[in-house]
Amino acid sequence: MIQAIGLTSDARKELPPAVDDVSFEARAGRVTALLGASGAGKTTVLRLMLELQRGRGITYFRGRPLHRIAHPSREVGVLLGDLPGHPSRTVRGHLRMLCAAAGVPARRADEVLEVVGLVSLREERLGTLSRGMDRRLGLACALLADPHTLVLDDPAGGLSARESRWLYGMLHAHATQGGTVLLTTADPKEAARTADRVVTLQRGRLIADQEAADFARTRLRPRVAVRTPHAPRFAALLTKEARAAHRSVEVVRESGNRLSVYGSTCADVGEIAFRHGILVHQLADEVGDMGPGTEAGSHTAEPRAYEVPQTPDAALAATGGRGRKATPPSGPDSGLAGTENPAARTGETPQPSGREPATAADPAQEARAGGPQASAEVPQARAGGPRPADGSTGGSRTRAAGARSSSSSAVALPDLPPPISVRPAPSPLRPLRYELRRAVGVGTSFATGAAVLVVSALTAVLLARVGHTPQHRLMAAWPQQLPLPPAALGAGLLGAIAFGDEFRHPALAADRGTVPRRLGLLAAKLLVASATALVLAVLTVGCDTEVLYLVYGPELAEVPADWLSLSASWIGLVVGCSWAGVLAAGLFRSTTAGLAAVVAVPIVVVPLVQKVLEGPSVRTAAGFPLRLREVLLSQWPFGGERYLEAAARVVAQPVGGALTLSLTALLCAYVLTTVRGRVR
């Protein structure tokens with residue numbers, strides 16, 4: 001059950017808030033539609049409910065606000081806008097990556113793929129999916145962690161009629177099994193056909209909160225659609241018969257040979273046509289919209305029939321096996337109806353097309369008018385749910401009215417609901433597994449590594465042909481004219497992509513706010529980047545040495561005498577560049593910024609460090625490794641002082657010192673940003 005109380009967005013400059021004091025309920029076991037034209041504030045309401053946008057108000061999901069839920073993805077499944085994700089990632093790989101983030105087994109990906117009918121497309125790339133398949137995958141992502149509540153923003157936008165029926169069938173199956181479904185739509189007829197309750201927004205304010213039958217009766221116009229080659233004559237006969245019977249019937253000529261008859265039924269129209277011998281090609285009950293800016297009779301109401309999964313066992317698995325089978329809605333209250341409109345069954349006379357009917361029984365209007373329900377009714381008590389811990393009247397549509405009339409109550413309610421703080425996305429529950437699947441899910445890492453090996457081997461061959469290059473630089477393919485070797489640049493690029501992809505294709509936090517700057521996720525990315533850089537460093541030296549041996553003979557492939565310190569320096573350089581890329585990309589939210597930070601170390605930071613260390617007023621640090629060994633390393637067993645001495649030499653080098661300084665600054669800035677975000 002969802003209880004939204006006093007949702008109000010922050011106003012911008014002189015403009016009024018996009019959403020102003022919106023309160024409603026979405027009950028479990030039902031589909032609730034948030035209806036409104038474009039710009040009415042539907043998406044803003046969802047973002048305020050999910051704490052993705054600053055404002056005021058509070059939303060309870062089964063009695064708890066979202067920031068009090070330990071694992072939000074297991075309580076609320078969300079689909080906002082198009083499904084984000086790297087276009088080169090496969091459907092199955094994308095879901096398996098999200099499984100690691102949600103902390104569910106990887107086999108869950110195959111289960112939801114079977115439910116949404118994407119088993120045959122599991123190896124397809126996200127960039128090749130059609131609109132309908134993208135919506136199916138979005139629903140699979142929302143169902144991945146077996147949530148109780150589904151919050152979907154225009155889920156059927158751009159879908160065909162068949163795909164829309166299938167989607168709404170899935171949502172009704174989820175609601176039938178006890179879940180809560182909240183969706184947005186701009187089509188009143190679609191809301192009346194597919195939802196059990198309709199909440200109507202206009203210019204950011206709630207104007208109606210009705211059952212679907214009441215909504216169709218009071219805000220939609222039933223009509224009889226007629227197509228006949230004798231349209232003018234038949235229109236005149238219908239008008240004449242209505243006047244003779246003293247009935248309020250309106251006949252509207254449509255394009256071609258079509259008529260729209262308001263205030264009558266198919267049986268009456270058919271009898272009149274039969275008595276006068278008029279040929280009729282079409283006779284059907286339809287629903288026309290009475291909303292502003294739309295033309296009555298512009299669309300045809302389709303029967304409320306839904307497609308549900310062909311495999312009930314698979315649908316049962318998608319809902320966590322809670323003991324309920326995925327069956328189509330049935331019964332008098334299930335919302336399944338034929339072409340007959342609810343208003344036509346009541347026998348009421350429709351309102352004129354130019355005016356919107358008054359809904360005196362609308363509880364939202366009664367609350368705003370200060371009716372009897374405005375000060376005493378508590379929806380929590382009606383729903384039988386728990387009262388929120390802070391004592392607020394959860395889900396009440398009358399909170400603002402109660403606050404204004406607080407002079408007659410014992411305890412005055414606050415004038416404004418509590419503020420909404422933007423909730424950062426939580427770290428993946430299994431960050432290392434998530435990062436591994438993210439890194440190997442696309443071919444960027446493999447292509448970058450292959451390009452680095454090829455460029456490095458060619459550079460080593462050219463340097464050997466030119467000559468005058470030391471052997472250790474020759475094996476690393478590092479010319480004197482370049483600030484960094486190809487392997488270090490490639491490692492830095494891979495490190496920058498590790499965080500850059502999160503901002504370009506935010507699959508992790510598409511429905512939960514900004515990309516998280518959490519230390520757990522950072523540690524996983526640094527660990528994976530270190531392993532990747534280490535493999536790249538070893539493969540680069542091995543490939544360069546092998547190519548030099550094949551081209552020029554064994555004299556250029558000999559192992560240097562000081563190979564230990566050189567290896568430590570080489571590995572430290574490559575791993576340090578990858579770390580710099582990860583930290584800079586996470587700090588500045590850009591892959592380009594991460595790679596720029598890597599290149600800036602030898603170009604900008606190294607000259608500054610050399611200038612400081614070689615200045616006339618500063619003592620040099622010459623002999624530092626030897627003195628450090630004499631003071632601290634003389635008592636180390638098993639020759640451990642050699643490794644520490646190699647590390648000290650690496651740090652004492654200008655590039656090593658500059659890289660260490662850059663990494664320290666980036667790490668401190670990252671930690672400071674993380675702590676500041678948590679405090680906010």
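Close-up 1. A491 has a relative accessible area of 3%, and because the cut-off for a buried residue is under 20%, A491 is classed as buried. The model shown here and in the following views is predicted. A491 belongs to helix α19, which covers residues 486-504. Apart from neighbours within four places in sequence, A491 contacts A533, L536, V574 and S578. Between the C-alpha atoms of A491 and L534, which are 43 residues apart along the chain, the separation is 9.0 Å.

**Close-up 2. The aromatic pair of F499 and Y670.** The structure contains 2 aromatic pairs. One of them joins F499 to Y670 in a tilted arrangement, with 6.1 Å centre to centre and 45° between the planes. This pair links distant parts of the chain: F499 lies in helix α19 and Y670 in helix α25 (residues 654-679), 171 residues apart. F499 and Y670 are both buried. Together with F503, these two residues make up one aromatic cluster.

**Close-up 3. Helix α2 and its packing.** Helix α2 is formed by the 12 residues 91-102 and spans 17 Å from its first C-alpha to its last, close to the expected 16 Å. The helix is mostly covered, with 9 of its 12 residues buried; among them are V91, H94, L95 and M97. The buried residues of α2 pack against α3 (107-116), α4 (131-143) and α16 (431-440). Just after α2, G103 adopts a positive phi of about 75°.

**Close-up 4. Arginine charges over tryptophan rings.** The charged end of R136 is placed over the ring of W166, 4.0 Å from its centre. For R473, the charged end sits over the ring of W478, at 4.4 Å from the ring centre.

Key. Residues are numbered from 1 along each chain as its sequence is written. This is a predicted model: local features need pLDDT of at least 70, side-chain atom pairs count only at pLDDT 80 or more; totals for chains, interfaces and linings use all residues. Side-chain values use heavy atoms; hydrogens and water are left out. Helices (H or I, at least four residues) and strands (E, at least two) are DSSP runs, numbered from the N terminus. Buried means under 20% relative accessible area, exposed over 50%, partly exposed in between (1.4 Å probe, protein chains only). Contact means heavy atoms within 4.5 Å. The expected span of a helix is 1.5 Å times one less than its number of residues. Rings of Phe, Tyr and Trp (its six-membered ring) pair if their centres lie within 6.5 Å; planes under 30 degrees apart count as stacked, over 60 as edge-to-face and the rest as tilted. A charge sits over a ring if NZ of Lys or CZ of Arg is within 6 Å of the ring centre and within 35 degrees of the ring normal.
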